[in-house]
Amino acid sequence: MKKTKFTDSPYLKNEIFKTRFLADDLIAAATVICVALPLSLALALASGMDPMSGVITSVIGGIICGLLGGSKLSISGPANAMPILTATVIHQYGVGGLAVLILVCGALQITSGSFGFGRFIRFTPLPVIYGFTAGIGSLLFVNQLPRALGLPPPDQSYTINILMHVFGSIRTIQTQSLLIAILTILVFFLFPKLSKKVPSPLLAVLIPSFLVTILHIKTPIIGHLPSTLPLWNWPHLPTNNLGDFVSLIFVAFSLMSIETLLSSVGVEKVTHERSNPDKELIAQGIANLGSGLFGGLPITSVLARSVLNVEAGAKTRRSSVFHSLFLVFSILFLSPWMSQIPVAVLAGLILSVALRMLHPKEFIKLWKVSRSESFVGMLTFIAITFIGLISGIQAGLAAALVITAFRLGNTSAKIDIFGFSGLSHLSINGSLTFMSAATIEGIRRKLESESIQKGLIVDMSRVKEMDSSGAIQFLEVLDPNIQKRKVAFVGLSSKNKSIFLKLNYKVNLAGLIASNDNEVFKILDHSPEEKNLNRLRYGVERFKHIIGSEYGTLFIQLAQTQYPHTLFITCCDSRIDPNLITSTDPGELFVLRNIGNLIPQANGDCTPAEGAAIEFAIAVLGVKEVVICGHSECGAIKGFLSGEPMMPSEMEKVPHIVTWLKQLEELRPKLSSGCSVREAVEVNVIQQIENLKSYPIVREKLLQGHLRIHAWYYDIGETEVEEWNESERSFSPISPTPALG
Ligand code: ZN
């Protein structure tokens, strides 16, 4: 079984102070810095910052997020997604402006994590994330091209300008730089196919740098690197273009948070341990406050380095902290060597990372699943690449929203319309919102083909989503019939009803809303003689057109034979529906009904109808359960209790009722004087169990253990069914309402 232990069990907290797993964590940290060190340098260079600032970022991220983060084995530092944005900020607002941006983003992350928003950021649409990643990859690639080709930086950072700049200066390309960059890319991608023991980014830097040194190739190198930790970077709030700056902050915040949470999800897949997205955001926020103050870059959790950490055997949060300490060591002691790394090598490294971000396989997968989603992904990708990062993200999110809204508007809006004897029935299954133009147009067309003489019944019970603009458009389509008061709405949820009533429609809609099917015919003002028959016909049509189809193949199965499991004996009272109160389907209950749910003694002098039904159910159909169900306010019992159910003159007209109810006399000795209807109903159902046992087939099956008999009491007003408990000698609810609190 996979472990789904929560990240912060006490076991893990104490673990970092123990020697257990110490070697694993040290080895993992050493492996991770082989990637983190070269990438930190390269990403800082690509951001337009001093290469050492990338290392500082990794140190701060590794310590703070490692100790406080919600994802135990994640590694944080400068992210592949950020250099373009960082470069834009530095270009427009300087290093001081970048510090302000990072500090504000950190504060926003702490706030959103504290309010529990981390869980929501995880719901960023997948195609948009694909578009972000691939788009940023292509921007990174294009932006690094001049550096990899040894060309001077272009005047503008738009993709088209850079490409024109590259083509314009094609004759001045430095062949050495180009070859070094290509070699770096080849090592980056091909070495993992030979061996996975040494991280390829390290070799992609070491091998070309070594060749450049021994072959004395003349190519620009990083140059002097400070071998001390920078201490403080004064934030400088920009004064110009503050509006743009604010929108940059929000894009940076979104990118940083999404990148972090995506990385956490990726790590979860490898470790099978849940992370805490809110805790992770708060830790990232704190780390970014540190990075902003100490001259670093925006920090995020980074998927590739995190997965490497896990795969290299990291066991506790220590490995992230060790990775930071190793980086401090490298700043202090390795900077003379690091300063010799050729710029083209770091450019080649970024080109490799950028290529990896393009993920064409992901796009093909998306295309196969959904054309509209792959369109959103493609749009985001193209917009980011050719228009710019911010507009690209905005375009992608807008497209995702439009497609979502469009889908909501069209969710299976099935329009059913059928006519019978001048009446028409319309039912909508789906949504009626501002996006439902197509649905409403469909309704209009369907209505045009119907001739509505006696009225239109609009069944709204399957309208899942409705807003006021959807409702108004819908009512406009129905308006000619509404004006003639030939429309009755039924099945409106209380929410949809209140939308209808708040619309202030030109006709008072309250008078057109029926609370049940029967009321529909009062609203449509049919004459009493046709009302009842129309009600029945309407029910049959509705069953045939709509309800019947919801049972799938049930009726086809039932067409041949029946296998009911229960004999259900209850009163004829119209307020009882055995299938409804037990939520059972046709074919499950064999129902025996008579006035007062009475079972005549097997050897008595009543008609054989009841006995025949009982014998057929038990002996022929083989039912295993018998339910005898009495009910509240039973007319038969009330009449019996009042002594004289009817006037003597009326009794002559109903001799059968008189004979039938004589059976109740056997209850008389068991009832206290002045007992309630409920008590009498209960005594009656228990008495009927005894009567049932007078049938030989019942006794035989009971003896064999093939039959059980249950006495129920159904309270109509409370919709509660109670069951007789023989050992406790009392009735109690089958499904008790849970006590509050
Ligand atoms: Zn009754």
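Mentor: The model is predicted, so local features need pLDDT of at least 70 and side-chain atom pairs pLDDT 80 or more, while totals for chains, interfaces and linings use all residues. Residues are numbered from 1 along each chain as its sequence is written, and side-chain values use heavy atoms, without hydrogens and water.

Trainee: How many residues apart are Cys 571 and His 631, and are they buried or exposed?

Mentor: Cys 571 lies in strand β9 (residues 566-571) and His 631 in strand β11 (residues 625-631), 60 residues apart; strands (E, at least two residues) and helices (H or I, at least four) are DSSP runs numbered from the N terminus. Buried means under 20% relative accessible area, exposed over 50% and partly exposed in between, with a 1.4 Å probe and protein chains only. With relative accessible areas of 5% for Cys 571 and 0% for His 631, both count as buried.

Trainee: Why is β9 described as largely enclosed by the rest of the structure?

Mentor: The answer lies in burial along the strand. β9 is largely enclosed because the number of its residues that are buried is 6 of the 6.

Trainee: Which residue is the bridge partner of Cys 571 in β10?

Mentor: Two strands pair if DSSP finds at least two bridges between them. In β10, Cys 571 is partnered by Asn 594.

Trainee: Which strands stand at the edges of the open sheet?

Mentor: The sheet has 6 strands in the order β10-β9-β11-β12-β13-β14, with mixed pairing. Two strands each have a single partner, so one side of each is left without a neighbour in the sheet: β10 and β14.

Trainee: What angle does the direction of α26 make with that of β10?

Mentor: α26 packs on the sheet, touching β9, β10 and β11; contact means heavy atoms within 4.5 Å. Axes are lines fitted to C-alpha atoms, for helices over the stretch in contact, and angles run from 0 to 180 degrees between N-to-C directions. The angle with β10 is about 170°.
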